[in-house]
Amino acid sequence: MGIIDDAIDLLINEDSLRKTWILLIALFGIAGIAIVISYNVIMQSFIGQYLHSQESSIRQIAQSFGIGNNEYLLPFIIFGNNVKTAIITWISSITIIIPILIVLFNGGLVGFVLPSANSNPPLVLFYLLVPHGVIEIPSVTLVASTFILLISKGPVKMYRYSIGILIISVIMLAVAAFIESFITRGIAGFVASII
């Protein structure tokens, strides 16, 4: 069998991997909700000011490269960033804690962005996140869940068996980047026009 077939078999047969994957999806959501609930307190703290300055810096860099105006470059930038995160998460699986922290951080980041986009109606925000998020979030949490294989298989077998999961995740991230770049904005724009 091939690497992808082995990864699918692993997902089917490893109950602990599936349960960990579901748990990490839940942790992603909990982190996001916690940040949304405590947004005002966070924004008044040093951490909130730091995050706001980082957000402003990223926008300035994107504008200086003209990224906002080049819709054909956008999917590659999104895809590259997400693949980098997936690879770092996969490599750090040996630590057990770093993949969990990456999932919590990304969930918190979504929770941080939502209140700052409050000029959009909630339904528009929903459609700005869901079309690509329904693929992207499971993809990143799937890679993060491979740390559980360290316990049952050891480090060498964990990486050997989970390389297919990383490849599946990268394919999912490519689909999510395409959807985020070309479909999500159209759907959200359409919903905004009829509200």
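Is Tyr127 buried, partly exposed or exposed? Keep that in mind as we walk through this structure, which is a predicted model. Tyr127 has a relative accessible area of 29%. Partly exposed covers the range between the 20% limit for buried and the 50% limit for exposed, so Tyr127 counts as partly exposed.

Now look at the ring of Tyr127. A search of the whole structure finds four aromatic pairs. In one of them, Phe126 and Tyr127 sit edge-to-face, with 5.1 Å from centre to centre and 85 degrees between the planes. Planes over 60 degrees apart count as edge-to-face, so the angle of 85 degrees explains the name. Phe126 is partly exposed too, with a relative accessible area of 42%.

Next, find Phe178 and Phe182. The centres of these two rings are 5.1 Å apart, and their planes stand at 50 degrees, so this pair is tilted. Where do Phe178 and Phe182 lie in the chain? Both belong to helix α9, four residues apart, which means that about one helical turn separates them. Phe178 is partly exposed, with a relative accessible area of 46%, and Phe182 is partly exposed as well, at 31%.

Stay in helix α9, which covers residues 155–194, and move along to Thr184. Is Thr184 buried or exposed? Its relative accessibility is 2%, and the limit for buried is under 20%, so Thr184 counts as buried. What does Thr184 touch? Leaving aside residues up to four places away in sequence, Thr184 is in contact with Tyr127, Leu128, Pro131, His132 and Ile179.

For the last stop, turn to another part of the chain and look at two helices together. Two packed helices are described by the angle between their axes and the distance between the axes. Helix α5 spans residues 74–91 and helix α6 spans residues 97–116. Their axes come within 8 Å and cross at roughly 150 degrees. Angles over 145 degrees count as roughly antiparallel, and therefore α5 and α6 are described that way. Which residues meet here? On the α5 side they are Thr85, Ile88 and Thr89, and on the α6 side Pro99, Ile102 and Asn106. Sorted by type, the residues of this contact are three nonpolar, three polar and no charged.

Key
Residues are numbered from 1 along each chain as its sequence is written. This is a predicted model: local features need pLDDT of at least 70, side-chain atom pairs count only at pLDDT 80 or more; totals for chains, interfaces and linings use all residues. Side-chain values use heavy atoms; hydrogens and water are left out. Helices (H or I, at least four residues) and strands (E, at least two) are DSSP runs, numbered from the N terminus. Buried means under 20% relative accessible area, exposed over 50%, partly exposed in between (1.4 Å probe, protein chains only). Contact means heavy atoms within 4.5 Å. Axes are lines fitted to C-alpha atoms, for helices over the stretch in contact, and angles run from 0 to 180 degrees between N-to-C directions. Angles under 35 degrees count as roughly parallel, over 145 as roughly antiparallel, 65 to 115 as roughly perpendicular and the rest as oblique. Ala, Val, Leu, Ile, Met, Phe, Trp, Tyr, Cys and Pro count as nonpolar, Asp, Glu, Lys and Arg as charged, and the others, Gly among them, as polar. Rings of Phe, Tyr and Trp (its six-membered ring) pair if their centres lie within 6.5 Å; planes under 30 degrees apart count as stacked, over 60 as edge-to-face and the rest as tilted.
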